[in-house]
Amino acid sequence: MFLRITKNWQALEKVTAHEWMLKYAGKQVYEQMWQPLLIGKFASFYKDVNMAWLWARMHARTTRLGTFEGGFQKFADLFAEKLREKGVEIRLGMSIKSIKKDQASGRLSVDGELFDKVLVTTSPNLMAKLCPELPESYLKGLLELKSMGAVVMTLSLKHSLSKDGYYWFNVPKEEGYPFLALVEHTNFVSKENFGGDHIVYAGDYLELGHEYFDMTDEQLLERFIPAFEKFNPEFKRDWVKKIWVHKTNYAQPVPLVGHSKNIPAIQTPIEGLYFASMSQVYPWDRGTNFAVEIGRKAARLMK
Ligand SMILES: Cc1cc2nc3c(=O)[nH]c(=O)nc-3n(C[C@H](O)[C@H](O)[C@H](O)COP(=O)(O)OP(=O)(O)OC[C@H]3O[C@@H](n4cnc5c(N)ncnc54)[C@H](O)[C@@H]3O)c2cc1C
């Protein structure tokens, strides 16, 4: 209740969620409810995450859920179409390697092409690699930020997995399950939107170097199948029509104690160069709505 009411997250970021919850929620409630969630999301960093992060999760949570018909790709495609109509040029499949100041023109050289202003939206780590000319203190700030990776498998199935029609399961990994979340999307959005298939998402937040990053899609599926059988003993391998596996090194920033003073400025010390990423979304947990918000903030600064 206190966490729903208080707005003073600044006081809460001075202490870890682990310490705060042990003290105020009590050992039993913490160990049975909050600790498994923290471990699931932050693995070995779970004792280091600050309490403002957990406060934000509870403070801003609502029971409302929205969805874009056709999914996020459809949204992105329509948005891109609108932008192109307004004269925006979008180049897909480009992997930028370097950003530096062009001494002759004073402009920014992005892989040799010159621009007046540049906004980078990658991970802090990649930003540091792309632009080693940034001053030492800014680079150090970028490299000190911690984050978790993620591996996510999406499956299209012939039949529904959850017999009771549930949408979202937070899975107890400490009981040997091979992932943290299991979401049967078509228990929220009708399967008619997916050609009649049942869509299931199984994912986990993982530290870099975790074996899942090196496994093939098939190996990962074999690892996950026993868990699907636990959810539904009738589940059979041949229910699986297709799988898509996505892996990323940068999925979830880890906010440590006193994080607010570690957040890099959007306007970097290099004139014309801006940086806006998930790691600067705080105290709220990163999300697409906050990505839009920080994008707007960056746009105002770049005017
Ligand atoms: C597993 C997982 C689950 C999530 N679940 C939710 C959820 O349920 N709800 C929610 O709101 N949010 C969720 N999020 C968070 C959401 O995805 C992010 O907050 C949002 O995508 C951040 O937007 P962004 O534009 O800052 O970064 P990104 O979406 O990561 O965009 C960065 C872009 O930069 C591109 N890029 C990287 N390197 C280069 C390069 N060298 N050259 C050119 N381009 C490059 C990338 O390809 C990418 O397109 C989830 C994230 C993860 C990983």
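**View 1. T154 stands opposite Y201 in β8.** The model is predicted: local features need pLDDT of at least 70, side-chain atom pairs count only at pLDDT 80 or more, and totals for chains, interfaces and linings use all residues. Residues are numbered from 1 along each chain as its sequence is written. Helices (H or I, at least four residues) and strands (E, at least two) are DSSP runs, numbered from the N terminus. M153 stands opposite A202, again in β8. β5 and β8 (residues 198-206) run antiparallel and are joined by nine bridges. Strands count as paired if DSSP finds at least two bridges between them. On β9, L155 has I243 as its bridge partner. Eleven bridges hold the antiparallel pair β5 and β9. In a regular strand the side chains alternate between the two faces of the sheet.

**View 2. Five strands form an open sheet.** Their order is β6-β7-β8-β5-β9, with antiparallel pairing. β6 (168-170) and β9 are the edge strands, each pairing on one side only. Neighbouring strands are turned by 15 degrees against each other on average, direction ignored. Helix α9 (residues 217-231) lies across β5, β7 (181-184), β8 and β9. The helix runs at about 100 degrees to β9. Axes here are lines fitted to C-alpha atoms, for helices over the stretch in contact, and angles run from 0 to 180 degrees between N-to-C directions. Contact means that the C-beta atoms of two residues, placed from the backbone, lie within 7 Å.

**View 3. The ligand lies between domain 2 and domain 3, because both give residues to the shell around it.** The protein is divided into domain 1 (2-59), domain 2 (95-128 + 264-302) and domain 3 (147-254). These bounds come from an automatic or database domain assignment. Of the 18 residues around the ligand, I96, A251, G287, T288 and A291 come nearest. The elements giving two or more residues to the shell are β5 (146-157), β9 (240-254) and α10 (288-302). α10 gives the most, with three residues. By class, the shell has eight nonpolar, nine polar and one charged residues. Ala, Val, Leu, Ile, Met, Phe, Trp, Tyr, Cys and Pro count as nonpolar, Asp, Glu, Lys and Arg as charged, and the others, Gly among them, as polar.

**View 4. K101 sits in strand β1 (residues 99-101).** K101 is partly exposed, because 16 other C-beta atoms lie within 10 Å. Buried means 20 or more other C-beta atoms within 10 Å of a residue's own, exposed 12 or fewer, and partly exposed in between, with C-beta atoms placed from the backbone. Not counting residues up to four places away in sequence, K101 touches L108, E133 and I270. The C-alpha atoms of K101 and D48 are separated by 37 Å.

**View 5. Helix α5 (residues 51-59) has buried residues M51, A52, W53, L54, W55 and A56.** They pack against α1 (2-5), α2 (9-12) and α3 (17-24). The loop between α4 (27-42) and α5 holds A43. Phi of A43 is near 45 degrees, a positive value in a residue other than glycine. A43 counts as partly exposed, with 17 C-beta neighbours inside 10 Å.

**View 6. The peptide bond from Y282 to P283 is cis.** Omega is near 5 degrees. P283 lies in the loop between β10 (273-275) and α10.

Technical notes. Near = placed C-beta within 6 Å.
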